[in-house]
Amino acid sequence: INAEYGVNDRVIEFQQCNLLEFSHNSGGGKRKRQAGNVFAASAVASTASFNVLASGANGDPHLVGAHGEHYEFFGQPGAVYTLFSTPQFVLNMQLWDKGPGDRYIERLGVVFRNFTHVFSTAAFHPKKFEQKLNRELVSLGGKATVSPFHIQLELCEGHKVDIAHGVALAQKNVGDIYHLDVAVTVPGCHDAYGGALGQTYQCRYATGGERFVWSQSRKVEETFRVKSLSAKTGAFARDAPCHDVASVFAGQSPMSGRSGKV
């Protein structure tokens, strides 16, 4: 059961007989929860429909690469790291300030041409937020589609970023944790892709000639660290044209990867 989420509206989501209730009013946001094994959904494809995403209390911090690779990324509390970089856009994630056992994405910085926006777990009115984003994105060749607790950005043809609000219920010593889950879908591999997640989308791993192996160490993780959520990294350039999908990605299939509990 799902209701539109807006001012003075209420969303109630039933998943596997558990209740997750979010409410909001003009006097400020309020969130309630009933503990239990809430169904865990993940933003794994650009065509999926999302409402509330709830993560279970257990499970290792991980990223899921473009070919199904599962690997841990602990990072430092409150630090910012590049999750994905392309010549056209950059995604920078700020990690929750507790951990490393409980490490989640708290904020996501998106840089696309002259557009920079920081997405957080704050409540929003879907229709108004979509209009606000598109006032900036459409003129740059992008598009935003917003539904309750989910934002999809198309930043060049076939390049889609799904940002979903999630909640990990009743975490030990810290209570409920509100966080972001992020999925990135692209038309195919490209060697200009980078970042902690984006590196798995490079063509050397797509062709089967080389297998992606994550070297778990603080030193390796720190190579992705940046100073701010608006940092420009990798091959990014504000005037970089979008790839011609028909030629650059000819014969390839779309690729998707995501963050779970990071």
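Is C156 buried or exposed? C156 is buried, with a relative accessible area of 3%, where buried means under 20% relative accessible area, exposed means over 50%, and partly exposed lies in between (1.4 Å probe, protein chains only).

This is a predicted model, in which local features need a pLDDT of at least 70 and side-chain atom pairs count only at pLDDT 80 or more, while totals for chains, interfaces and linings use all residues. Residues are numbered from 1 along each chain as its sequence is written, and side-chain values use heavy atoms, with hydrogens and water left out.

**Confidence and overall make-up**

The pLDDT, which is the predictor's confidence in each residue on a scale from 0 to 100, averages 78 over the protein, and 74% of the residues score at least 70.

The protein holds four helices and 16 strands, which are DSSP runs numbered from the N terminus (helices H or I, at least four residues; strands E, at least two). Of its 262 residues, 50% are buried, and among contacts with a separation of 6 or more, 56% are between residues 24 or more positions apart.

**Disulfides**

A disulfide is taken as a pair of cysteine sulfur atoms within 2.5 Å, and by this rule the count comes to two. When the bonded cysteines are numbered in sequence order, the pairing is 1-4, 2-3.

| Disulfide | S to S distance | Torsion about the S-S bond |
|---|---|---|
| C156 and C242 | 2.0 Å | about -70 degrees |
| C189 and C203 | 2.2 Å | 95 degrees |

The torsion of about -70 degrees is the reason that the disulfide of C156 and C242 is described as left-handed. This pair links distant parts of the chain, 86 residues apart, with C156 in the loop between strand 12 (150–155) and strand 13 (160–171) and C242 in the loop between strand 15 (225–226) and helix 4 (245–248). Whereas C156 is buried, C242 counts as partly exposed at 33% relative accessibility.

The link of C189 and C203 is right-handed, with 95 degrees about the S-S bond. Here the partners are 14 residues apart, C189 lying in the loop between strand 14 (175–186) and helix 2 (203–206), and C203 in helix 2. C189 counts as buried at 7% relative accessibility.

In soluble globular proteins, nonpolar side chains tend to be buried together. A nonpolar core is defined here as a set of buried Ala, Val, Leu, Ile, Met, Phe, Trp, Tyr and Cys residues joined through side-chain atoms within 4.5 Å, and the largest such core has 46 residues, with L133 and L153 having the most contacts inside it. Leaving out residues up to four places away in sequence, L153 touches several residues, including V110, F119, L133, L137 and I163.

Q152 is found in strand 12 and counts as buried at 13% relative accessibility. The side chains of Q152 and D162 are joined by a polar contact of 3.3 Å; the term covers a pair of N or O atoms within 3.5 Å, where within protein one must be able to donate a hydrogen and the other to accept it, and residues adjacent in sequence count only if both atoms are side-chain atoms.

**Aromatic pairs**

Rings of Phe, Tyr and Trp (its six-membered ring) pair if their centres lie within 6.5 Å, with planes under 30 degrees apart counted as stacked, over 60 as edge-to-face and the rest as tilted. A search of the whole structure finds 12 aromatic pairs. The rings of F84 and F89 have centres 6.2 Å apart and planes at 15 degrees, so this pair is stacked, and both residues are buried. The rings of Y193 and Y201, by contrast, have centres 6.3 Å apart and planes at 90 degrees, so their pair is edge-to-face; Y193 and Y201 are both buried. Ring pairs also link Y71, F73, Y81, Y205, F212, W214 and F224 into a cluster.

**Positive phi values**

Most residues other than glycine have a negative phi. R113, in the loop between strand 9 (105–112) and strand 10 (115–119), has a positive phi near 55 degrees and counts as buried at 14% relative accessibility. F149, in the loop between strand 11 (142–147) and strand 12, has a positive phi near 65 degrees and is buried, with a relative accessible area of 4%.

Methods:
Contact = heavy atoms within 4.5 Å.
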